[in-house]
Amino acid sequence: MKKYIWIISGMLLFLAGCVFLDNVVQPADARPGEEMTITMETRIDVADGGRSNVRLIIGFLAPKNWQAGANSSITYTTTAYGSGKMVPVPLSVDAGGGQNWPAALKNRFGMGGNFMADDLEWVVFWTEQSYDVPQGVKETINVTIKTMPGAESVQFKTGYFVGTSTDGLSDVFGSNNVYKSRFMDCFTVSDGISDLTDFCNPQIGAVTPGVATDNDLLTISFDPDIVSTALSGEANIYLCAKAYTNTGKQLDACIQTDQSKLKPYTGRKSAITFWPRAYFSMQEGDTLEKIEYFFTDASGTTKVGYSNTANPFVYTFKCQ
């Protein structure tokens, strides 16, 4: 019996229509509002009875504020089937299990180890035209993605997917055979209107709003559940901050008092909201350019900084 099972399994693998993602070429970095170009080198090998009415599907990971579904132009070229453009896959299209394609890719492949994954999304396109592809076809398909980064500085691990509309995410021919996915190293968009949002590293601390002046209210939050820190288990967390003015002054505010103590708001998370000009006792005519800050315990001796290091978090004040 085992012999026949192995024979059947071998036949299925032989009959599979394979999809390959041979290479992804993306820029070393990018700038907000400047179009960037990504190329995906893919190919198909149809070794079974062929496919009818099939479309190539590609997906890529992007910050939600890019609105990449609306701000991307995607084209493809082939050796035998000509060239064309790709369009967003309608959310009504079922990728399997009642999920649309972005949800299915997130469920199957995750978000590439990025933190704050809810602020990222899979963007999925398919060929505008469908094709009949007979058995034996071996076709190279080069996909060109032109997309526009959002206005903010950001760092995240990019991700890519290639598959087909007929095979979906099926594993009947062996895991990851009729589709391919790939995650890459951290990619940076710099010189944005905000300080860097870093999806690659744990976001222990965060500031809202992302863009503000020293005359706006700021909220600085601490999340001890992201990663274990030297402050894990501490019930009381304090803000230790230093401000820098346009006149070259440095204003320290690193005393553990009720004024600097963070207030719990969800589970073990805590936050502090303050008016920077009052918090740092600003003088008339001075403006704040940036603040550097740590989180501390009640003694002030244990400090946690950016990405769980000894470096401070930095927040730069900017006009919107």
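Start by selecting Lys290, which is partly exposed at a relative accessible area of 29% (buried means under 20% relative accessible area, exposed over 50%, and partly exposed in between, with a 1.4 Å probe and protein chains only). Its side chain meets that of Glu292 in a salt bridge, 3.6 Å from N to O (the rule asks for a side-chain nitrogen of Lys or Arg within 4 Å of a carboxyl oxygen of Asp or Glu).

A word on what you are viewing: this is a predicted model, in which local features need pLDDT of at least 70 and side-chain atom pairs count only at pLDDT 80 or more, while totals for chains, interfaces and linings use all residues. Residues are numbered from 1 along each chain as its sequence is written, and side-chain values use heavy atoms, with hydrogens and water left out.

**Salt bridges**

Side chains of opposite charge can pair when their charged atoms come close. By the rule above, the count comes to 11 salt bridges.

Next, select Lys138 and Asp45, whose closest N and O atoms are 2.9 Å apart in a salt bridge. This pair links distant parts of the chain, with Lys138 in strand E10 (residues 138-147) and Asp45 in strand E3 (residues 36-46), 93 residues apart (helices, H or I, of at least four residues and strands, E, of at least two are DSSP runs, numbered from the N terminus). Lys138 counts as exposed, at 62% relative accessibility.

Now move to Lys269 and Asp223, another salt bridge, with the closest N and O atoms 3.9 Å apart. Lys269 lies in strand E19 (residues 269-274) and Asp223 in the loop between strand E15 (218-222) and strand E16 (238-245), so this pair ties together parts that are 46 residues apart in sequence. Is each partner buried or exposed? Lys269 is partly exposed at 28% relative accessible area, whereas Asp223 is buried at 12%.
Then pick Asp29, Arg31 and Asp191 together: salt bridges that share partners join them into one network.

**Backbone stops**

Most residues other than glycine have a negative phi, and most peptide bonds are trans.

Stay on Asp191, which has a positive phi of about 65° although it is not a glycine. Asp191 sits in the loop between strand E12 (180-189) and strand E13 (197-198), and counts as exposed at 61% relative accessibility.

Go on to Gln67, where phi is near 50°, again a positive value. Gln67 lies in the loop between strand E5 (56-63) and strand E6 (72-78) and is exposed, with a relative accessible area of 52%.

Finish at Thr208 and Pro209: the peptide bond from Thr208 to Pro209 is cis, with omega near 0°. You will find Pro209 in the loop between strand E14 (205-208) and E15.
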